[in-house]
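The sequence and model are shown first.

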Amino acid sequence: MEFIEKVSRCIKEAQESGSLLEREDVLSGYSGKKLYGTLQRLAKEVLTEDTCYLEVGVYQGLTLLSTALANPKASFYGIDNFAFFDPEGKNKSLVEERTAKLGLENTTLINADYEDALENLEQYIGDKKVGVYFIDGPHDYRSQLMCLLLIKPYLADNAVILIDDSNYRHVRQANRDFLKTDTDFKLLFESYTPAHPMNLKGKDKEKALQGWWDGINIIVKDAKGQLNQEFPETLRNRDLYENEHLLHASQYPEQTLFLWEIMKKFKLYPLLNILRKPKKEYSGKFKNANTYSEGLSQNGKFNSSLDS
Ligand SMILES: C[S@@+](CC[C@H](N)C(=O)[O-])C[C@H]1O[C@@H](n2cnc3c(N)ncnc32)[C@H](O)[C@@H]1O
């Protein structure tokens, strides 16, 4: 239990005190303080000479660089193809500038699609194993699951995986499917907000910023079976995943979203409701970024094995 207790302590300390160190003069991005506070503590407490930190989804470097600041002796790798949230194409050079401003010499940017990078990870990390793995890249179901599956050969015996944006029901589904199919991995901690922070206001939004941003699932490698098998909440119904097959097989699949945008622009949603009443469990409250995380634990829940 020594490793699991160490990880739990890092989470508890971040829950109580937030980040370990901040450089708001240089760093900005999409992340909560409890989240990067946990990453920083894990970087200090868990990484060894033989292990490294790896993240998928660097954006402008907040999590990668603030975590790397916490342990100058360890190695930190970040994968991003800089293909999203970067209309002016400036994020890669921004990360490089910020790295230089912070005087960091322990980070490596892997400018590639996550799947290409993870399938050939030894090219980048050599003999090192991954001790802390942070997933914050593409959030479609398949990518979330692939990020979990492809890392398995590279994980250290003692490894912790943090999955950002676990507010999203389909992200929780990928985490659940991974946990269901490999019992060497256990859910250690989960915490959510009632909606994506972009859809929150006032105190609720501030709480997300000071907290875990858009929900977190933390999984540990537990080959000795010390923790109970527990899973994030999802829907049993698989309709939406079945829709995915129909979409892939339709005549103009990539135009579907475009049609949806037209419906939105011309406020045609009510028409849809008249033509076919949508099921309640699939009807979002917001125009975008519906997470279906209302009612989930907001104060953080540890695996029940640690209750006693
Ligand atoms: C939410 S941002 C990450 C936020 C970041 N961790 C921070 O600290 O602010 C998601 C990032 O994932 C990257 N991404 C999306 N799809 C990707 C893919 N297929 N391969 C690599 N990176 C990808 C995007 O370019 C974007 O920069």
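This is a predicted model: local features need pLDDT of at least 70, side-chain atom pairs count only at pLDDT 80 or more; totals for chains, interfaces and linings use all residues.

Leu-162 has Ile-218 of E7 standing opposite.

## Tyr-77 in strand E2

Where does Tyr-77 lie? Tyr-77 belongs to strand E2 (residues 75–79). Is Tyr-77 buried or exposed? There are 23 other C-beta atoms within 10 Å of Tyr-77, and the cut-off for burial is 20 or more, so the residue is buried.

Leaving aside residues up to four places away in sequence, Tyr-77 touches Cys-52, Tyr-53, Leu-54, Thr-108, Ile-110, Tyr-124 and Ile-125. Gly-131 is 54 residues from Tyr-77 along the chain, and their C-alpha atoms are 12 Å apart.

## Helix H8

Helix H8 covers residues 169–181, which is 13 residues. At 1.5 Å a residue the helix should span 18 Å, and the distance between its end C-alpha atoms is 18 Å, which agrees.

Which residues of H8 are buried? They are Arg-169, His-170, Val-171, Arg-172, Gln-173, Ala-174, Asn-175, Phe-178 and Leu-179. The cover over these buried residues includes helix H7 (141–151), strand E6 (185–191), E5 and E7.

## The chain as a whole

The chain has 12 helices and eight strands. Its radius of gyration is 20 Å, close to the 19 Å given by the globule rule for 308 residues, so the chain is as compact as a globular protein of that length. The C-alpha trace spans about 60 × 50 × 40 Å along its principal axes.

Of the 308 residues, 41% count as buried. Taking contacts between residues at least 6 apart in sequence, 81% join residues at least 24 apart.

## Domains

How is the chain divided into domains? The domain assignment lists domain 1 (2–234 + 293–306) and domain 2 (249–282). The centres of domain 1 and domain 2, taken over C-alpha atoms, are 33 Å apart.

Definitions and conventions: Residues are numbered from 1 along each chain as its sequence is written. Domain bounds come from an automatic or database domain assignment. Helices (H or I, at least four residues) and strands (E, at least two) are DSSP runs, numbered from the N terminus. The radius of gyration is taken over C-alpha atoms; the globule rule is 2.2 Å times the number of residues to the power 0.38. A residue is buried if 20 or more other C-beta atoms lie within 10 Å of its own, exposed if 12 or fewer, and partly exposed in between; C-beta atoms are placed from the backbone. Two residues are in contact if their C-beta atoms, placed from the backbone, lie within 7 Å. Two strands pair if DSSP finds at least two bridges between them. The expected span of a helix is 1.5 Å times one less than its number of residues.
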